[in-house]
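Welcome, and please take a moment to look at the sequence and the model below. The report that follows walks through some of the contacts in it.

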Number of protein chains: 2
Amino acid sequence: MLNIIGIGLRGYKSITLEQLDAIKNSDIVYFETYTSISPENTFDYLRSITGKKLIKADRNTVESSNEIIKNALNSNVSFIVTGDALTATTHNELRLEAIKNGIDVKIFENASIFTAFPSRTGLFNYRFGPVISLPFIYENFFPLSVYDKIYKNYVNDFHTLILLDLKNGQTMEINEALDILIKMEEKRNGNIINYDTFIIAGFNIAREDEYIIAGHIKDVINKKISMSPASIILPAKLNDKEIEFVKIFCDNV
Amino acid sequence: MLNIIGIGLRGYKSITLEQLDAIKNSDIVYFETYTSISPENTFDYLRSITGKKLIKADRNTVESSNEIIKNALNSNVSFIVTGDALTATTHNELRLEAIKNGIDVKIFENASIFTAFPSRTGLFNYRFGPVISLPFIYENFFPLSVYDKIYKNYVNDFHTLILLDLKNGQTMEINEALDILIKMEEKRNGNIINYDTFIIAGFNIAREDEYIIAGHIKDVINKKISMSPASIILPAKLNDKEIEFVKIFCDNV
C-alpha cells in the first residue's frame with residue numbers, strides 16, 4: 001500500500017486531518033526532498049507530530065523507485081511531497097510503477113503553487129496559460145524552447161506562471177531568473193521582455209513571511225531580493241479588475 | 001479580522017491543522033455554499049469538530065458583503081470555501097472589500113480542482129491552457145465565447161479543463177455538458193468536437209467514490225453517469241507518456 005501525500009505549502013501546518021491519520025498508520029514514511037522546498041524544520045516537526053522515523057527521498061531514491069516499491073509490496077508506506085501530490089510528473093511515474101506491481105495507491109492532494117501564487121496576486125486564474133519551468137543555464141545549455149512557450153502564452157493574451165529551478169535546496173534567485181529571461185529575449189527577439197516589462201515576483205508563498213512584489217523588471221532587480229522559494233508571473237495585459245486587485249494585494253514598486 | 005479558508009475537496013477531512021486552529025479561534029464562521037459543492041454532511045461535521053455555529057453564506061451574502069465586513073471589523077471571522085480559498089474571483093472581491101475597510105485578512109489555501117483532476121488523469125500539468133467554465137444554456141443565452149476559448153487551447157496544442165456550472169447544489173450532468181459542447185461545435189464549425197472526440201470526465205475528485213472515465217464522447221454518453229460534481233478534460237494530442245498514464249489511471253472505454 002502506497003500513500004502519495006502532498007502536504008501543501010506551509011510544512012506540517014498544512015497537513016490535513018486525513019493525511020495525518022494516513023501517516024500515523026504507516027510503517028515506513030518517505031519525505032521527498034528534490035522537486036520542491038518545504039519550510040525549515042518541516043522534517044523535524046513531521047517526525048515529532050507523527051512519531052515516525054522519516055526517510056529522506058532524494059532524486060535517485062524516487063527515480064529508481066525499487067526500494068519504495070519493494071517496501072510498499074509488504075508494508076503500509078507513505079511518500080510525502082511538498083505542495084500538491086502529483087504536479088511533478090515523477091510522482092505519477094512512482095504511482096504507475098506501484099500500480100504495475102499490484103500495489104494499492106492512495107493520492108492525497110493539497111495546495112499547489114500553481115494556484116496559490118496566481119490567486120494571491122489578484123490576477124484571474126482562468127487567464128493563465130501553461131506553467132513554465134525556468135532552468136539554470138550553462139554555456140552549452142540554453143533552452144530557448146522555454147522562451148518560445150512564454151511567447152506563445154503572451155501572444156495568446158495569457159498570463160504565465162514561471163517556476164524557478166532548484167539547486168542545493170534553494171530556488172534560483174529572482175535576479176538570476178530575470179537576467180536569463182532578458183538574455184533569452186536578446187537571442188530570440190520576440191519583443192516581449194525588457195527592463196520595462198511589468199512582472200510579479202512571489203516569495204515564500206503561503207508562509208508567514210510571504211512577499212509579493214509587482215513592478216517593472218528594472219525596479220524589482222534593484223530590490224536585490226534573495227528569498228527562496230521564488231517564482232515569477234509574466235502577466236498579459238491586465239484588465240481593470242486585475243489592476244485594482246494588484247494595486248492592493250501586491251507591494252507595487 | 002477575516003480568515004478566508006479553502007477546505008479542499010474532501011470536506012472536513014481535508015482541513016489543515018492550521019485551518020482548524022483558525023476556525024476554532026473565530027467568533028463567527030461563514031460557510032460558502034454557491035461557488036462549489038462540498039461532500040454531504042461537511043456542514044454538520046464542521047460544526048461538530050469546531051464547536052462553532054456555522055452560518056451558510058449564499059451568493060447574495062457574499063456579493064453584498066456588508067454583513068461579513070461589518071462583523072470582521074470587530075470580531076474574528078472565518079469564511080470557509082470548498083476547494084482553494086481564492087480561485088473564484090468573488091472571494092478576492094471580498095478580500096479587497098475587507099482590506100479597504102482596514103480589516104486584517106489571512107488566506108489559507110488548499111487543494112483545487114484546477115490541479116487535482118488534471119494530475120490524477122496522468123496528463124502533464126504544464127500542457128494545460130486556461131481553465132474554462134461551461135454555463136447552462138438557454139434559448140437566449142448561448143455564449144459561443146466559451147467555445148472560442150476551448151478552440152484557442154486546442155489550436156495551441158493545450159489541454160483544456162472544463163468546469164461545469166452549478167444549479168440547485170449540483171453541477172451540470174456530464175451528458176448535458178457534452179451535448180452543449182456538440183451544439184457549440186455545430187454553430188461554430190471549428191472541427192474540434194464530435195462524437196468521436198476523446199475526452200476525460202471526472203466525478204467526485206478526491207472523494208472515496210472518485211471516478212475518472214476516458215473515451216470517445218459517444219461511449220461516455222452511453223454510460224449515462226449522473227454523479228456530481230463532474231468536470232471534463234478535452235485533451236490536446238497525448239504524448240507517449242500521457243497515453244501510458246491515462247491507460248492505467250483512468251477507466252478507459
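Which residue forms a salt bridge with Arg120(B)? The partner is Glu109(A), and the closest N and O atoms of the two are 3.0 Å apart. Arg120(B) belongs to helix H6 of chain B, while Glu109(A) sits in the loop between strand E5 (105–108) and helix H6 (113–121) of chain A, so this pair joins two chains. Both Arg120(B) and Glu109(A) are buried. Please keep in mind that this is a predicted model.

**Where the chains meet**

With that pair as a starting point, here is the rest of the interface. In chain B, 52 residues are in contact with 52 residues of chain A. About 4,500 Å² is buried between chain B and chain A, and carbon and sulfur atoms give 59% of that area. Counting across the two chains gives 12 salt bridges. There are also 25 residue pairs in polar contact between chain B and chain A, with both residues at pLDDT 80 or more.

Several elements of chain B give two or more residues to the side that touches chain A, among them helix H1 (17–24), strand E5 (105–108) and helix H10 (240–249). The element that gives the most is H5(B), with seven residues. By type, the residues on this side of chain B divide into 24 nonpolar, 14 polar and 14 charged.

**Salt bridges in the model**

Over all chains, the search of the whole structure finds 30 salt bridges. Three of them are set out here.

| Glu109(A) | Arg120(B) | 3.0 Å |

Glu63(A) and Arg59(A) both lie in helix H3 (residues 59–63) of chain A, four residues apart, or about one turn of the helix. Glu63(A) is partly exposed, with a relative accessible area of 48%.

Glu210(A) is partly exposed at 29% relative accessibility, whereas Arg120(A) is buried at 3%. Both residues also belong to a network of salt bridges, whose other members are Arg10(A), Lys13(A), Glu208(A), Glu18(B) and Glu109(B).

**Aromatic pairs**

Now for the rings: the whole structure holds 13 aromatic pairs over all chains. Why does the pair of Tyr147(A) and Tyr151(A) count as stacked? The ring centres are 6.3 Å apart and the planes stand at 25 degrees, so the pair is stacked, the cut-off being planes under 30 degrees apart. Tyr147(A) and Tyr151(A) are four residues apart in helix H7 (residues 145–155) of chain A, and about one helical turn separates them. Tyr147(A) is buried, at 1% relative accessibility, but Tyr151(A) is partly exposed, at 32%.

In chain B, Phe31(B) and Phe43(B) form an edge-to-face pair, 5.7 Å centre to centre with 70 degrees between the planes. Phe31(B) comes from strand E2 (residues 28–32) and Phe43(B) from helix H2 (residues 42–50), so the pair ties together parts of chain B that are 12 residues apart in sequence. Phe31(B) counts as buried at 6% relative accessibility, and Phe43(B) counts as buried at 14%.

Terms used. Residues are numbered from 1 along each chain as its sequence is written. Chains are lettered from A and ligands numbered from 1 in the order in which they are written. This is a predicted model: local features need pLDDT of at least 70, side-chain atom pairs count only at pLDDT 80 or more; totals for chains, interfaces and linings use all residues. Side-chain values use heavy atoms; hydrogens and water are left out. Contact means heavy atoms within 4.5 Å. Buried area is the accessible area (1.4 Å probe) that two parts lose on being put together, summed over both. A salt bridge is a side-chain nitrogen of Lys or Arg within 4 Å of a carboxyl oxygen of Asp or Glu. A polar contact is a pair of N or O atoms within 3.5 Å; within protein, one must be able to donate a hydrogen and the other to accept it, and residues adjacent in sequence count only if both atoms are side-chain atoms. Ala, Val, Leu, Ile, Met, Phe, Trp, Tyr, Cys and Pro count as nonpolar, Asp, Glu, Lys and Arg as charged, and the others, Gly among them, as polar. Rings of Phe, Tyr and Trp (its six-membered ring) pair if their centres lie within 6.5 Å; planes under 30 degrees apart count as stacked, over 60 as edge-to-face and the rest as tilted. Buried means under 20% relative accessible area, exposed over 50%, partly exposed in between (1.4 Å probe, protein chains only).
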